[in-house]
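The entry is shown first, and the notes follow by topic.

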Amino acid sequence: MRGAERAVRAKALALLAGDEVLAGLVHGVFDGVPPRVSTPYVSVGAAEGADWGTKDRAGREVRLTLSLAGVGSAVDDVAAGRIEAVAAGLRGAADGWSVVSARVVRTRFGFGQGGGWRHEVVVRCRCLAG
């Protein structure tokens, strides 16, 4: 994983874990899918990067997947909305990178086996080095 991807993941984990409203709605925020945890929970998934920059500064575009997992018929739209709101806070300094834009570009919801469900939010972050 390159520097921008690592920086955006770390910042997302810190912002989501530090959000008091979200903490009251889920059992935890995890880096990847945890082996054992009660639902609902948030996991920070894949971080895909591509070249992006300006004429005078190197940069990366990072697409980060944030997932809210739960079970049962009660779909937690409040927690999903909170994840999207926190994602906007990814702008700013991030471990040697400057996140100049953070935008939700896709959301996806689906039911799984055993009554489980997953709400995924993909955030596109455009980062400049330095």
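In this predicted model, Glu61 has Arg126 of β6 as its bridge partner. That pair belongs to the antiparallel pairing of β3 (residues 59-71) with β6, which extends over 13 bridges. On β6 there is also a pairing with β5 (residues 97-111), likewise antiparallel and over 13 bridges.

- Trp117 belongs to strand β6 and counts as buried because its relative accessibility is 5%, below the 20% limit.
- In sequence, Trp117 is 78 residues from Thr39, while the C-alpha to C-alpha separation of the two is 9.9 Å.

**The sheet as a whole**

- Six strands form an open sheet with mixed pairing, in the order β1-β2-β3-β6-β5-β4.
- Strands β1 and β4 are the edges of this sheet, each pairing on one side only.
- Ignoring direction, neighbouring strands of the sheet are turned by 35° against each other on average.
- Helix α1 packs on the sheet and touches β1, β2, β3, β4, β5 and β6; the direction of α1 makes about 155° with that of β2.

- Strands β1 (residues 29-31) and β2 (residues 41-51) run parallel and are joined by three bridges.
- Val29 has Val42 of β2 as its bridge partner.
- Strands β2 and β3 run antiparallel, with nine bridges between them.
- Across from Glu48 stands Arg63 of β3.

**Nonpolar core**

- The largest nonpolar core contains 29 residues, and the residues with the most contacts inside it are Leu16, Leu66, Leu68, Ile83, Val123, Cys125 and Cys127.
- At least two residues of this core come from each of α1 (3-18), β2, β3, α3 (77-87), β5 and β6.
- Helix α1 supplies the largest share of this core, with six residues.
- Which residues does Val123 contact, leaving aside its neighbours within four places in sequence? They are Val62, Arg63, Leu64, Leu66, Ala87, Leu90, Ala102, Arg103 and Val104.

- Most peptide bonds are trans, and most residues other than glycine have a negative phi.
- The bond joining Thr39 and Pro40 is a cis peptide bond, with omega about 0°.
- Pro40 is placed in the loop between β1 and β2.
- Asp95 is not a glycine, yet its phi is positive, at about 50°.
- The loop that holds Asp95 runs between β4 (92-94) and β5.
- Is Asp95 buried or exposed? Asp95 is exposed, because its relative accessible area is 68% and the limit for exposure is over 50%.

**Cysteines**

- How many disulfides does a search of the whole structure find? The search finds zero.
- Cys125 is in no disulfide, and the nearest cysteine sulfur to its own is that of Cys127, 5.7 Å away.
- Cys125 is buried, with a relative accessible area of 0%.
- For Cys127 the relative accessible area is also 0%, so Cys127 is buried.
- Both Cys125 and Cys127 are listed among the residues with the most contacts inside the largest nonpolar core.

Definitions and conventions. Residues numbered from 1 in each chain as written. Predicted model: local features only at pLDDT ≥ 70, side-chain atom pairs only at ≥ 80, totals over all residues. Heavy atoms only, no water. Pairing = 2+ DSSP bridges. Helix = DSSP H or I, 4+ residues; strand = E, 2+ residues; numbered from the N terminus. Core = buried A, V, L, I, M, F, W, Y, C linked by side-chain atoms within 4.5 Å. Buried < 20%, exposed > 50% of the residue type's maximum accessible area, 1.4 Å probe, protein only. Contact = heavy atoms within 4.5 Å. Axes fitted to C-alpha atoms, helices over the stretch in contact; angles between N-to-C directions. Disulfide = S-S within 2.5 Å.
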